[in-house]
Amino acid sequence: QINDSHLLNLMLHTASSEVTLTEETVQRLGDITLGNDAKIQSWGGTSDSHYSTGNRVRIGPLTRDNVTLWENKNSGEGTDGKFGLDFFGDSVIEINYDDGRIVVRDRLPGKARDYETLDLDTEDGELFVRGVCLFGEDNRENRFLIHSGYAGGLLLDDAFAASSGIGGKITITETSSLTDSFGHVIKVQKGVMPGFSLGHLRLSDVPVGFFSGDIGRQKQSVLGGEILKQFNLIFDIGHKKLYIKRRNP
């Protein structure tokens, strides 16, 4: 609920911060004015965005004051916008795909002992883990942005894609278009990588993509929803740890 009046459908987005509403939602609400302007960097380049400060947002039993609302073009299908894990402050956040629940706790649950533990890197509010791309004899570690808003598997940054020579090591199955939150369209080459590991957990036949053209544009590799949804997740951001466990078959 926004400012004690508007009930909206927001998507939890692990690579977002604060709260973002689509242009269509802002126009529909009418009485929310995003009068401040800023330049925002996204996959497709730099865009103008509007924002307002000092808003109240309630999600479930949690209410936050002085929240900044941002505007962009796109969000998940059927949603009015998105919010990031920062909304929960220093809490421990469990995303349980088996039960379809998000659980917010004051401390790490005991069941985390049965999960694989990964180190979290944090940078400008974004969360990263390290994973290993498996190309047979040529295995390469890289840092990946945890990005639930990207529906695919892995998206490789330009420098890693070039140095690993992935274009010559996998069969390209398709070329598709990726549209970012501000409507920029980028061409992506897609294929299947033999394997990928997070800690001691290994996945086989992993969908992978990399940008074609505009070399140097994509600075970060991305770990997307197609991989995240294979695990139940516990984020302990305060201690820079991510706990993951393979979902029930």
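Predicted model: local features only at pLDDT ≥ 70, side-chain atom pairs only at ≥ 80, totals over all residues.
1. **Main core.** The largest nonpolar core holds 48 residues. Those with the most contacts inside this core are Cys133, Leu154, Leu156, Phe196, Leu223, Phe235 and Leu242. A separate core has 10 residues, including Ala15, Leu155, Leu178 and Val222.

2. **Phe235.** What does Phe235 touch, once neighbours within four places in sequence are set aside? Its contacts include Leu85, Val92, Ile93, Ile95, Leu120, Leu127, Ile146 and Leu242. Thr14, Ser91 and Lys241 are also in contact with Phe235.

3. **Cavity.** The search of the whole structure returns one cavity of 30 Å³ or more. Strands β18 (231-236) and β19 each contribute at least two lining residues.

4. **Second largest pocket.** Its volume is about 310 Å³. There are 15 lining residues, and Met11, Leu12, Tyr97, Ser148 and Lys229 are the closest to the centre. β1 (10-12), β7 (92-96) and β8 (101-105) are the elements that give two or more residues to the lining. The lining splits into seven nonpolar, six polar and two charged residues.

5. The whole structure has 13 salt bridges. In one of them, Asp4 pairs with Arg56, with the closest N and O atoms 3.2 Å apart. Asp4 sits in the segment before β1 and Arg56 in strand β4 (residues 45-59), so the bridge ties together parts 52 residues apart in sequence. Asp4 is exposed because its relative accessibility, 52%, is over the 50% cut-off. Arg56 is partly exposed, at 33%.

6. **Asp98 and Arg247.** How far apart are the closest N and O atoms of the salt bridge between Asp98 and Arg247? The distance is 3.1 Å. Asp98 is in the loop between β7 and β8, while Arg247 is in the segment after β19 (241-246). The pair links distant parts of the chain, 149 residues apart. Asp98 is partly exposed, with a relative accessible area of 27%. Arg247 is also partly exposed, at 32%.

7. **Arg130 and Glu141.** These side chains form a salt bridge at 3.2 Å, N to O. The pair joins strand β11 (residues 126-135), which holds Arg130, to strand β12 (residues 138-146), which holds Glu141. The two residues are 11 apart in the chain. Arg130 counts as partly exposed, at 39% relative accessibility.

8. **Asp80.** Is Asp80 buried or exposed? Asp80 is buried, because its relative accessible area of 14% falls under the 20% cut-off. Asp80 lies in the loop between β5 (62-72) and β6 (81-83). Neighbours within four places aside, Asp80 is in contact with Leu8, Asn9, Leu10, Thr20, Leu21, Thr22, Thr25 and Arg28.

Note on methods
Residues numbered from 1 in each chain as written. Heavy atoms only, no water. 1 Å grid on protein atoms, 1.4 Å probe; cavity = no way out; pocket = protein on both sides within 12 Å on 5 of 7 lines; lining within 4 Å. Points joined across faces, edges and corners; volume = space filled by probe spheres on them. Helix = DSSP H or I, 4+ residues; strand = E, 2+ residues; numbered from the N terminus. Nonpolar A, V, L, I, M, F, W, Y, C, P; charged D, E, K, R; others polar. Buried < 20%, exposed > 50% of the residue type's maximum accessible area, 1.4 Å probe, protein only. Contact = heavy atoms within 4.5 Å. Salt bridge = Lys/Arg side-chain N within 4 Å of Asp/Glu carboxyl O. Core = buried A, V, L, I, M, F, W, Y, C linked by side-chain atoms within 4.5 Å.
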